[in-house]
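Here are my notes on this one, jotted down while going through the chains. Have a look at the model first, then read on.

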Amino acid sequence: MVSGRSLEAATALITGAFGAAVIVSSLDNGIGWSAAGVESGTFPLIVGLVILAGSLFNLVQGWLHARAVILGPSELRRLATLFVPAAVFVGVIPLIGMYPAAALYVFGALAWHRRGSLLLAAIAAIGAALALYLMFELTFQISLPRGALGTFFGF
Amino acid sequence: MENLEALMHGFGIALSGNHIFLMVIGVLLGILVGVLPGLGAPNGVSLLLPLTFGMQPVSAIILLSSMYWGALFGGSVTSILFNIPGEPSSVATTFDGYPMARDGRPTTALATAFGSAAFGALAGVVLITLAASWVAQVALAFGPPEYFAVYFLAFASFIGMGGSPPIKTLVSLAIGFALAAVGIDTVSGSVRLTMGIDEMVKGVSFVVAVMGLFGIGELMIAVEEEFHVKAISSKVEWREVFRTLVGLPKHGWALLRSAAIGCWMGITPGGPTAASFMSYGIAKRLSPRRANFGKGEPEGIVAPEAADHAAGTSALLPMLSLGIPGSATAAVMMGGLMIWGLNPGPMLFVEQKDFVWGLIASMYLGNVVAVVLVLLTVPIFAALMRVPFFIIAPVIVIICTVGAYSVSNSYLDVMLMMGFGVLGYLFKKLHYPLAPLVLAIVIGDKAEDAFRQSMLMSKGSLGIFFAKPLVTTLILLGVALLLMPTIWRTIGRMMPRSEVKP
């Protein structure tokens, strides 16, 4: 279970960490005024400081206000059923390539919800991969990643 | 008069078979992304972007802008029939649109929405026709300090008028700026903010950010809220459509007021979402039938719809004449303009007359096409909503993934997109606005360049922003907008509590 308070805090910490990274990184580029004008690290430094300060403010604000639970167990479960398969799909692309990954993703989604037969799910999966191929590879000539598997088979 | 001549010339360009065909395709695709939760106008336009690279710029912008109109209309369809806003900007339409449809008057609700939307869009286009070239002419005399001041004003108005918590808006905006700075610095040529990853030299594309923030993020919001599709009859009765449209003028005052709010919010980048909420709120406060709001009051549909479309349309005015997009979708389109080799801003009106006036003329036609098509296709797209969400979700994830990958054939972009997805979800959930982030990615570099060039002119003195009346006025206006939330709060505290929220 996640309360509004911890979600606010987590978000503020993420943005704050990003701000801090921007500040540190911008120091490498030089800050301030040189013969060539404003040095290239200056603008990112200011922006990074704004992010960090704003995040601190949001952290405190979030901590003071929202207390109620905004994500119960059922919400979290629904989020996971979307996000985990999506993350797995994206994660396996370098291994097995876009087409098999997309086909497995569609197949998995249909099979999981047990609507219709597995055969239907398989047809939909192959259809999805084929549609991607026709749309991108043939029509717009954008080559989608083949993955290690594709390299292995020389595809 | 000169504008009218140019507009007629524009109609000559827009009224070709090819362009009408593109309008129809664009509007239909737009309605599709507008109807589907998780896909919206910014995503749809980003997805189409790579396909336009081989086109004439004017054809490309007609396709993309038509998609925008289609998406704006499509979002209202699901708001009214299913109580599910297909677009963030049509959330306010659900308040009265859905109750009216539920009470057995879906056609009246749809026709009221589309009629007011068309009026709002028309108001926006007329404003562009009359004012855009004038604004561009003024802007031709702008130097770097004036430009920086205008950018400052734009960002300040987000913070002051966007309607989200100001500090959250500021953080969102600043993150966009930081992301814009990633990669090679255009002034010095040095590499910035790559965090040790060599591939980051190419920078963070706004398309990747849009796919994640609006695509994956919105999808997560949609599954989490688990909407239940309760089908309302989606049959359109044409007799009722005409009766409703003929009756619209009795809401004339509400229409005019809402369109004006929309145009204002579109030009100063408050965006369509903020415009529709603001317009609804004001309509509710001013209406004698206040108690009826939320129960199917026609003006509760008129106000958000007219403002939404007026804002969406007029968001293109600053994009064309100043190079500052007024909404997230306009920002994506402006990114497209730059990829096609055009330089958004006042020079467009001098160098690319065909492009500018062809686009403006197509906006008149595109909205007519959109109203007709959306009425004809309501039953089809409504049927689409009955496709179970667990089928739609993987399709949208795959589309966003491929969309992010195809920007520069990079797997890193796909990873970034997933990161943006999580961020987009958190931001949406906690009322951080997303539009400023996208806007800042697109125009962050330009704003920074303007600042650094101004500093070069003044040899490092900030005084240059207070040297001439125009710059000073713009900067002071920006500061005033920044302070708006604080001022309102102070006034709110001093006023007696009696007339707050009916």
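1. Starting with H1 of chain A: its buried residues pack against helix H2 (42-64) of chain A, together with H8 and H19 of chain B. Buried here means 20 or more other C-beta atoms within 10 Å of a residue's own, with 12 or fewer being exposed, anything in between partly exposed, and C-beta atoms placed from the backbone. The buried set is Glu8(A), Thr11(A), Ala12(A), Thr15(A), Gly16(A), Phe18(A), Gly19(A), Val22(A), Ser25(A) and Ser26(A). Helices are DSSP runs (H or I, at least four residues), numbered from the N terminus.

2. Some housekeeping. This is a predicted model, where local features need pLDDT of at least 70, side-chain atom pairs count only at pLDDT 80 or more, and totals for chains, interfaces and linings use all residues. Residues are numbered from 1 along each chain as its sequence is written, while chains are lettered from A and ligands numbered from 1 in the order in which they are written.

3. On to the interface: 45 residues of chain B are in contact with 48 residues of chain A (contact: C-beta atoms, placed from the backbone, within 7 Å). On the chain B side, H8 (166-181), H9 (206-225), H18 (389-405), H19 (411-429) and H20 (435-458) each supply at least two residues. That side divides into 31 nonpolar, six polar and eight charged residues. Nonpolar covers Ala, Val, Leu, Ile, Met, Phe, Trp, Tyr, Cys and Pro, charged covers Asp, Glu, Lys and Arg, and the others, Gly among them, are polar.

4. How do H4(B) and H15(B) sit relative to each other? Their angle is about 170 degrees, with the axes 11 Å apart, so they are roughly antiparallel (over 145 degrees). Axes are lines fitted to C-alpha atoms over the stretch in contact, and angles run from 0 to 180 degrees between N-to-C directions. Ala60(B), Ile61(B), Leu64(B), Ser65(B) and Tyr68(B) of H4(B) meet Thr329(B), Met333(B) and Gly336(B) of H15(B).

5. Gly124(B) is worth a click. This glycine is in helix H6 of chain B and counts as buried because it has 27 C-beta neighbours inside 10 Å. Leaving out residues up to four places away in sequence, Gly124(B) touches residues including Gly262(B), Cys263(B), Gly266(B) and His309(B). Ile267(B) is 143 residues from Gly124(B) in sequence but 9.6 Å away in space, C-alpha to C-alpha.

6. H11(B) has Gly262(B), Cys263(B), Gly266(B) and Ile267(B) among its buried residues. The cover over the buried residues of H11(B) includes H6 (106-140) and H13 (298-314) of chain B.

Technical notes:
Angles under 35 degrees count as roughly parallel, over 145 as roughly antiparallel, 65 to 115 as roughly perpendicular and the rest as oblique. Two residues are in contact if their C-beta atoms, placed from the backbone, lie within 7 Å.
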